[in-house]
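Please look through the sequence and the model below.

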Amino acid sequence: MKKNISFVANDRPVNVEVWPGSPALDFIRGQLGLTGTKEGCREGDCGACAVLLGSMERDGLVHYRTAPSCLLAMGELDHHHLLTIEGLSSAAATSAAAAGADKGITPVMSAFLEENASQCGFCSPGFIISLTGWLMESAILDVAGAVVAVEGNLCRCTGYGAIRRAAEALVSKFASLPPPGPERLRVLVGARVIPQSVLDFLATREIPAARTDGEDTREAQGGSAQVARPGNASPSREISATQGGTLPSPGGSIAPETDRRKSILLLGGGTDWYVRNPEPEETDDCFLLDLLPPFHRIARVADREGHPRIEIGEATTIREFFASPLLRTAVPGLENFEQDFASSLIRNRATVGGNVCNASPVADMTAILIGLGATVTVGTPGAAAYDASAPETGNGVSIADASPLSTRTFPLEKLFKGYKSLDLNEGEIVEAFGIVPLTNSDRHVERFNFEKIAKRRSLDIAAVNTACRIAVDSEGTILRARLSAGGVGPTPLYLEKASTFLEGKKLSKEVVEDAADIAVSETCPISDVRGSAEYRKRLLRRLIIAHFIRLFPDESLVQELLP
Amino acid sequence: MKSPVESILNVTGKTRYIDDLPVPTGTLEAAVKLSASARGRILDIDATRALALDPSVRVISARDIPGTNQTGFTVPDEKLLPEEEWEYQGQPVVLCLARTRALARRAAVLVTIQGEDLPAIIDEREAAAANAFVLPSRTMKMGDPEEAFKDCAYVLSGTVRSGGQEHVYLETQGAIAEVRDGEKVFVISGTQGPTGVQKAVAAVLNLPMNKVEVEARRLGGAFGGKEDQAATWGALAALGAWVSGHPVRLYLNRRDDIRATGKRHPYSSDYRIGMDQDGQILAFEADYYQNSGCTCDLSPAILSRTLFHATGAYSIPNVRVTGYMCRTNLPSFTAFRGFGAPQGFFVIECAIQALSARSGKDVTALRYHNLYKERDITHYGMPLEGCRTADAFDRLIERTDWVSLRDRIDDFNAESRLYRKGAAILPVCFGISFTKLLMNQAGSLVHVYQDGSVLVSTGAIEMGQQVNRKIALAAAGALGVRVERVSVERTTTLTVANTVPTAASTGADLNAMAAVVACESIHKRLKAKAASLRGVEESRIRIENDLILVDGEACDLSWEKLVIATFESRIDLSAHGYYATPGLFYDMKTERGSPFAYHVYGAACVEATVDILRGSYTIDKATIIHDMGNSFDEKVDIGQIEGAFAQGLGWALLEDLQFAGAGGVPALSMPGKLLSDTLSTYKLPDIHFTPGKIEIEFLPPREGPSALRGSKAVGEPPLIYGIAGYFAVLDALLSVSPHAPILADLPLTPEKVLTFLFDARSPKAEPGFSGSLPSGGNQPRQQCQN
């Protein structure tokens, strides 16, 4: 079913009827004729199709995020500002000094030219989009950050040396930009890094009087099961139209209770679904979960006993997950694992729920959540949940409001029935995850670690991943332990035996090694392109030991555990 | 320096690749149906469902070919579309056309190919045992290794394996074809060799070559993958256009491209090496089993480069090396930057590493001790002139402060238990010229227009190596004008005929020389005109940098005036240039000759850190000393070196091309299936993988053979430096277990690292999980799709 969407493509308003699930790349190249955006792999692995998407986010400000347009649903463009390489180029096209072929060279492009960072040129627009996005949004503008910004862009010609030098030049040129926000965007428009159309978009979206402070505000609302709606202070519906996340929800096309006979596509960020469906066929309906308030949120709530819990809506993006102050406080050091997850491009789109619901046995987010002891809430949302525009009233909509039908909450590991198979009833979808914050006191510490090994450190699927949450008292006795593992069986695993074994034991070389052996005994890996079964067992054992080396670096234990 | 127009178009997104070009109204998009198993017989092709999809759908198979169903250039063993049997999994069997690409792809899915599978050969050793060769073996020999082994204190033998490598040119293969005037075919092809495409199209359509025009614009990367193998896609598009009467565009998606096209050849090799007590290598023998894939393609030329570079940068008096081109049911492996040389280098370096382990002699000292020296004779009988291996090695030792670097690494390793560091120095000696003699020629066409602007056409294809920039600089120099006056045109078979592919690092050497030859002849005419206009002897005139000089003084005759005066005197302002590399000869019978115009020398040091708990590693730093001759443009040449190094590093460590049933990968029920057929399963270097610190220094130029204006080719030689990454990681591993057998199996993935570390430990400390694997039950094999 086609829907009407409207957005701004560079400097032109676009109003068009599309099936919301169609990939943006094809529309950008085919319908808009903007062929500077390239198709390189159609699975988000090369970044040649990167574009910038601007929208109002839950902090009440307009932000621009990079996205691989091959994995981007057209519906996500609704009310957004799409910037392609042609749009960036227009920023410098009116420069008085520019003429002929020199027209339209922005400072980022100029850095590429100076350093000879473009050889065959096929990847260049994607790199320039990524670096421009980094200049627009990165809080700290250093070379390391620029490198992370282009980690999802492949270049086969340069070996990245010249690209790195171009990034260094940009770092010195733009060392003193204002913090991310409207002021920085204005400065960048002035510097002809980005076009005037950004300011025009800003002007249509700015609501300076009614800014919320995002999550922290909602934390203050904690104590009930009430869930804050992102951007509820905005007068326009665009405010809820922020990032999307990964995959389709359960199986990609679960019909809500209201209408079972139709083929309905429920998409998270689409970053896995489009890999499997590069040229999807139109469905009767298509819902983009990240545009739906009940599914796109992070909030601190309290359970019946008053214990704090962080609730993560299934359509929370991976970037938002790792950037969340609530989660960073609840799980200290969580941000250290952000770069283990895909690439910065993918993290802008992929969702927590999508990564889980794709049901890959080696999904990184699933391993992290199971390790943290997360619960999952599944439910059969009512029609209201699928209406992005309806709930404008009130100070937040709870899941209960949107879901008149029943919900169930249970440990995440129980969601997985078998290979790529979820324990969901007809019409049920995954709605949210819950995490109990780590605790620390005079008498105990609680820590978390995640380990992942793949052939390539960045943007690669793990051979094995594992997470560990462990509480130890001052005597070195393990109070609680949770180990998870991915890539070692048909489903993501909670290593129950190893976890139980550890509880009550004193930390020692023998205990850790025994736990690692028990962990391995709980798995049944197979051989595939990412590693043999034998390797996976050996690796898991090593990574279990690595948890303890990372988590207790000061203990003499480390020396004993090293190979 | 003002940026070349091509680069400006690139960064502003205006460069138009095959899929970005406007196409005529009525153009049909194409898709290919690929074979589903390694070998089989076609019983029936049923297109009913595909044709029912949309009225625009056309389904084209071998029987629609009006001419010869043949695209093999070296040996006629390559059918455009199979008639009776398919020979590898992923072979195009049927071409589907439709008004949109999505429809064409859906049509390709709906075509059913009824067939029966036939027995297939996947591994190169399996092929050798079955006597399945593409062509007879080749042997190069010098001295008497058998005899020399008797004098050696150390004689070792071993087996070395190196995997294939996918090109991953960012722009996949493609072509646009159109029938013009009812009998002519015009093809825009993403190719390194337009003449090859022209020949294939002419053969398939039964047309003379003068009815087929092939144009190549910019390529979005090629690296050898579009040298021979672009012909298939150009010919398929032309066939589609011929049969349907519509223009046709064929642009492969990534998965089809990876499945259907050739890659770098996997090799396995057996060597024997002998060294005396003092560390002098006296004898080397090797048998190279090249997995050639299902057709000949460029395999013989690639094999000959393996043999030429069998001793790496080392002088070994007694050599016997033999290469076998093993025919298997895999895609036809093809040219990839380095062209067989990397496989040869890897074997000799593994052998030297093994000698070091056995003798206890320092591996870097062994390498240094055995380097080629000036006027050493190679095992193919060519004396090395201007040999710079020792220069590069010496400078590298100095620049890296190698002795203290080693000390620092040893100190670190003595202290650290979680991480180990390693470093390796690798010398390079790389011959420049096509190993196939006849290919060392090039043509050009130069026009000076009446306003003094200059247009140069050559056979060179621009794919980011900035060959057009080099050609423009060379042409401007030869004409005596500023480079801004020179425009280098795209390559078409109309302007320059019988081109050789832009390959073998020779693109600039050959084509710039051809342009210079043409420019010099125009320059001569202009000079004569200037002399007559000024009434002086020709010898007193010079044309330089847009100025007409008489006795070294600028006169009032401008370039524009001279050009128009020459035109008005009815003197030709155009010229065709032709160049053939002089001095090349080779006798295939004796395997002796001078196959290279010159050699490029250099050395690289790579440093690595290995996490010995997890088996992962990082490449920390690379230092490269490179013999560039007189660089035309240092930034361009550094870009080539960094890019080639990254590809070499990827091949050595990361890029894991896995065919079921080859190179130790289990065949299971799908022999010949490419398991890493997407960019999510086939990983190539990203910005984190390549070292943040790459230092490159050019050796000061010295007298000796070289190319135009004392420059040297740069495309391929630096790829070899990447192999140093393998030995740097190995060096770190050997610090854990100095007496473990040398790992000689590339790429050195984290799995192999962990396996090495695991095997290095006592089996009791960390029990193995060998024995029967736990049953996987009904689990699908591809469980790890994210």
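Which residue takes a positive phi just after H1(A)? In this predicted model, Gly33(A) does so, with a phi of about 70 degrees. Helix H1 of chain A spans residues 24-31, and its buried residues are Ala24(A), Leu25(A), Phe27(A), Ile28(A) and Arg29(A). The cover over these buried residues includes four strands of chain A: S1 (3-9), S2 (12-18), S3 (50-56) and S5 (81-83).

In chain B, a pair of helices can be followed in detail. Two packed helices are described by the angle between their axes and the distance between the axes. For helix H6 (residues 194-205) and helix H7 (residues 230-244) of chain B, the angle is about 40 degrees and the axes are 8 Å apart. H6(B) is therefore oblique to H7(B). The crossing of H6(B) past H7(B) is right-handed. On the H6(B) side, the contact is made by Gly196(B), Val197(B), Ala200(B), Val201(B), Val204(B) and Leu205(B). H7(B) contributes Ala230(B), Ala231(B), Gly234(B), Ala235(B), Ala238(B), Leu239(B) and Trp242(B). By class, this contact has 11 nonpolar and two polar residues, with no charged ones.

In soluble globular proteins, nonpolar side chains tend to be buried together. Here the largest nonpolar core has 115 residues, and Ile273(B), Phe284(B) and Val729(B) have the most contacts inside it. Leaving aside neighbours within four places in sequence, the residues in contact with Ile273(B) include Phe149(B), Tyr154(B), Phe284(B), Ile348(B) and Leu355(B).

Note on methods:
Residues numbered from 1 in each chain as written. Chains lettered and ligands numbered in written order. Predicted model: local features only at pLDDT ≥ 70, side-chain atom pairs only at ≥ 80, totals over all residues. Heavy atoms only, no water. Axes fitted to C-alpha atoms, helices over the stretch in contact; angles between N-to-C directions. Helix = DSSP H or I, 4+ residues; strand = E, 2+ residues; numbered from the N terminus. Parallel < 35°, antiparallel > 145°, perpendicular 65-115°, else oblique. Left-handed = near helix turned anticlockwise from the far one by under 90°. Contact = heavy atoms within 4.5 Å. Nonpolar A, V, L, I, M, F, W, Y, C, P; charged D, E, K, R; others polar. Core = buried A, V, L, I, M, F, W, Y, C linked by side-chain atoms within 4.5 Å. Buried < 20%, exposed > 50% of the residue type's maximum accessible area, 1.4 Å probe, protein only.
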